[in-house]
Amino acid sequence: MITRYALFEGKVKDGEAAAFRDAVMETILPKWKQFPGALDVRVTFAEARDEGAPEYPMILAVNYPDLATVEAALASPVRAEARAATEAVLSRFFEGRIHHHVTVAHEFAL
């Protein structure tokens, strides 16, 4: 299985945490759930962090069955719609950057 993560590294603007969460759940998450071949789409909101630790107020994770499905999803028109929705929310509520990474879960027969 392949998991593609978007780590929202930075912070939500002061006083906007509730509005940010609502916008993510109502705008961003439904768009990412439309990705073709996605097995699961989930979002995790970070709570308090230790002082000095990197801030990840939100993590968006999308699971795919294989790399070919990831590539097809990223090439689909759905990506542009999801990206536009995400950028609209971020420009309003968020200060920081998005860091992407991909992990591969290897299954071994015992």
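Reader: What makes Glu 87 and Arg 83 a salt bridge?

Author: The model is predicted, and the closest N and O atoms of Glu 87 and Arg 83 are 3.3 Å apart. A salt bridge needs a side-chain nitrogen of Lys or Arg within 4 Å of a carboxyl oxygen of Asp or Glu, so the pair qualifies. Both residues lie in helix α3 (residues 77-93), four residues apart, about one turn of the helix. Helices (H or I, at least four residues) and strands (E, at least two) are DSSP runs, numbered from the N terminus.

Reader: Why is Glu 87 called partly exposed?

Author: Its relative accessible area is 45%. Buried means under 20%, exposed over 50%, and partly exposed in between (1.4 Å probe, protein chains only), so Glu 87 falls in the middle class. Arg 83, at 47%, is partly exposed too.

Reader: How do you know that Arg 97 forms a salt bridge with Glu 9?

Author: Their closest N and O atoms are 2.6 Å apart. That is within the 4 Å limit, so the pair counts. Arg 97 sits in strand β4 and Glu 9 in strand β1 (residues 2-12), 88 residues apart. Arg 97 has 46% relative accessibility, hence partly exposed.

Reader: What links Lys 11 and Glu 95?

Author: A salt bridge, at 3.3 Å from N to O. This pair also links distant parts of the chain: Lys 11 is in strand β1, Glu 95 in strand β4, 84 residues apart. Lys 11 is partly exposed at 31%, and Glu 95 is partly exposed at 38%. Lys 11, Asp 14 and Glu 95 are linked in a network of salt bridges. The total count is six salt bridges.

Reader: Which residues touch the most other members of the largest nonpolar core?

Author: Phe 20, Trp 32 and Leu 60, out of 26 residues. Such a core is a set of buried Ala, Val, Leu, Ile, Met, Phe, Trp, Tyr and Cys residues joined through side-chain atoms within 4.5 Å. Helix α1 gives the most, with six residues. Beyond its neighbours within four places in sequence, Phe 20 is in contact (heavy atoms within 4.5 Å) with residues including Val 12, Phe 45 and Phe 93.

Reader: What is the average pLDDT of the protein?

Author: It is 85, and 87% of the residues score at least 70. pLDDT is the predictor's confidence in each residue, from 0 to 100. In this predicted model, local features need pLDDT of at least 70 and side-chain atom pairs 80 or more, while totals for chains, interfaces and linings use all residues. Residues are numbered from 1 along each chain as its sequence is written, and side-chain values use heavy atoms, leaving out hydrogens and water.
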